[in-house]
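Please keep the model open while reading.

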Amino acid sequence: DEQRLMHLAARPVDQALAPDALGFVLSKLDKSGPPAERSLAVEAVTRAKPTPATLTALAGALKSCGPTELARLLPAFARSADPKVGSALITAALDPAVRPMVRKEQVQPVLDKYPAAVRAEAAKLYAALDAQFANERAKLETLLAETKGGDVRRGQAVFNNPKAACITCHAMGYLGGKVGRHIAGDAARCLRGHAQRRADLPRRAIAALEAVMLDERDLQRME
């Protein structure tokens with residue numbers, strides 16, 4: 001599968017994907033799959049010719065993606081102005097499985113390229129995202145207020161655990177990703193300082209935090 005994905009991701013830009021290839025690529029976007037395959041699938045579908053059929057199918061697959069893939073997939077929709085594609089994107093973004101990962105400032109520039117009817121339809125999405133942001137910010141403030149003390153060993157177990165996948169975006173010491181902030185010192189202090197400096201904390205980061213909220217049983221299993 002990975003070899004096939006590598007081949008599809010290396011094709012010249014704007015080549016159409018055959019229906020079977022498109023179905024294969026979209027199936028590899030699932031957030032439960034290996035990160036390398038998900039990344040290749042994103043590359044393959046975003047390089048493909050942005051036909052209405054391709055983008056409509058991609059909109060339907062967004063509910064299976066993770067926040068990192070979604071951020072890379074949205075610009076593909078800016079390559080079209082087809083009203084049906086715009087409506088499909090709005091419907092997908094309103095899905096409860098997708099909406100927590102979407103930011104208004106991320107999707108609005110894409111939908112602004114569509115006809116007036118689509119832009120009017122998008123108003124309900126923007127209203128939902130505004131309400132969601134207010135709720136997420138309140139939850140973050142509550143979380144920060146309750147973050148006191150901590151256990152370094154347990155925190156490291158969560159950070160390195162594949163289920164949480166923190167290391168995919170964040171680095172600790174010399175290891176980890178470069179997408180998110182470096183984890184240095186007290187994690188609560190780092191998060192609190194970041195929230196104070198950035199009142200517009202990206203919604204997909206909050207969605208990612210909520211996605212890895214672990215209860216006591218999860219922590220015990222990791223240990």
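What percentage of the residues of the protein chain count as buried? Of its 223 residues, 37% do, where buried means under 20% relative accessible area with a 1.4 Å probe, protein chains only. This is a predicted model, in which local features need pLDDT of at least 70 and side-chain atom pairs count only at pLDDT 80 or more, while totals for chains, interfaces and linings use all residues. Residues are numbered from 1 along each chain as its sequence is written, and side-chain values use heavy atoms, with hydrogens and water left out.

The protein chain has 13 helices and two strands, taken as DSSP runs (H or I, at least four residues, for helices; E, at least two, for strands). Its accessible surface is about 12200 Å², and 57% of that belongs to carbon and sulfur atoms. Of the contacts (heavy atoms within 4.5 Å) between residues at least 6 apart in sequence, 64% join residues at least 24 apart.

Helix α6 (residues 83-94) packs with helix α7 (residues 104-111) at an angle of about 165°, the axes being 11 Å apart. The pair is therefore roughly antiparallel, a term for angles over 145 degrees. On the α6 side, Gly 86, Leu 89 and Ile 90 meet Val 107, Val 110 and Leu 111 of α7. By class, this contact has five nonpolar residues, one polar and no charged ones; Gly counts as polar.

Asp 14 lies in the loop between α1 (2-9) and α2 (19-27). Its phi is near 70°, a positive value in a residue other than glycine. Most residues other than glycine have a negative phi. Asp 14 has 41% relative accessibility, so it counts as partly exposed, the class between under 20% and over 50%.

Technical notes. Accessible areas come from the Shrake-Rupley method with a 1.4 Å probe; for residues, only the protein chains shown count as cover. Axes are lines fitted to C-alpha atoms, for helices over the stretch in contact, and angles run from 0 to 180 degrees between N-to-C directions. Angles under 35 degrees count as roughly parallel, over 145 as roughly antiparallel, 65 to 115 as roughly perpendicular and the rest as oblique.
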